[in-house]
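Biologist: Before I look closely, could you take me through how a model like this one is to be read?

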Amino acid sequence: MDKRKFLPGYPTDLNKSQMIHDLLTSYLANKTQTIYECENCGRIWIQVGQTNQFRSFYPDTKDTNGIFSSKK
Ligand SMILES: [Zn+2]
């Protein structure tokens, strides 16, 4: 792996799996959007790209409440 792509200060004594983990983590951190459900009304909030803004979606029916819960 080409260590020159890393910023100064990045450890040089990591093995390859540690470096791959760091690459994936930084990649996902830049691609992941936050999504959450309001526990009161069931409205879904989705982060707009990597901004601090959110857009909301309101469910047609109440049976979607708790849709992110693993208990369903
Ligand atoms: Zn709400």
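Modeller: What follows goes from the overall layout to the sheet and then to single residues. Please keep in mind throughout that this is a predicted model.

Biologist: Which elements does the chain have, and in what order do they run from the N terminus on?

Modeller: The chain has one helix and three strands, and from the N terminus on these elements run α-β-β-β.

Biologist: How do I read the way strands are put together in a sheet?

Modeller: In general, the strands of a sheet pair through backbone hydrogen bonds, and the pairing is either parallel or antiparallel. In this chain the three strands form an open sheet in the order β1-β2-β3, with antiparallel pairing. Because β1 and β3 (54-57) stand at the edges and each has a single partner strand, one side of each is left without a neighbour in the sheet. From one strand to the next, the twist averages 20 degrees.

Biologist: How many bridges join β2 to β3, and which residue in β3 is the bridge partner of I44?

Modeller: Four bridges join β2 to β3, and these two strands run antiparallel; the bridge partner of I44 in β3 is F57.

Biologist: Now to burial: what share of the residues in the chain is buried?

Modeller: Buried residues make up 0% of the 72 residues in the chain. The reasoning rests on counting other C-beta atoms within 10 Å of a residue's own, where 20 or more means buried and 12 or fewer means exposed.

Biologist: Is C38 buried or exposed by that count, and where is C38 found?

Modeller: C38 is found in the loop between β1 (35-37) and β2 (44-47), and C38 is exposed because 12 other C-beta atoms lie within 10 Å. Leaving aside residues up to four places away in sequence, C38 touches R43 and W45.

Biologist: What can be said of G66 in the segment after β3?

Modeller: G66, whose place is in the segment after β3, counts as exposed because there are 12 C-beta neighbours inside 10 Å. G66 and G42 are 24 residues apart in sequence, and C-alpha to C-alpha they are 7.4 Å apart in space.

Biologist: Across the chain, what part of the contacts between residues at least 6 apart in sequence joins residues at least 24 apart?

Modeller: Among those contacts, 6% join residues at least 24 apart.

Methods
Residues numbered from 1 in each chain as written. Predicted model: local features only at pLDDT ≥ 70, side-chain atom pairs only at ≥ 80, totals over all residues. Contact = placed C-beta atoms within 7 Å. Pairing = 2+ DSSP bridges. Axes fitted to C-alpha atoms, helices over the stretch in contact; angles between N-to-C directions.
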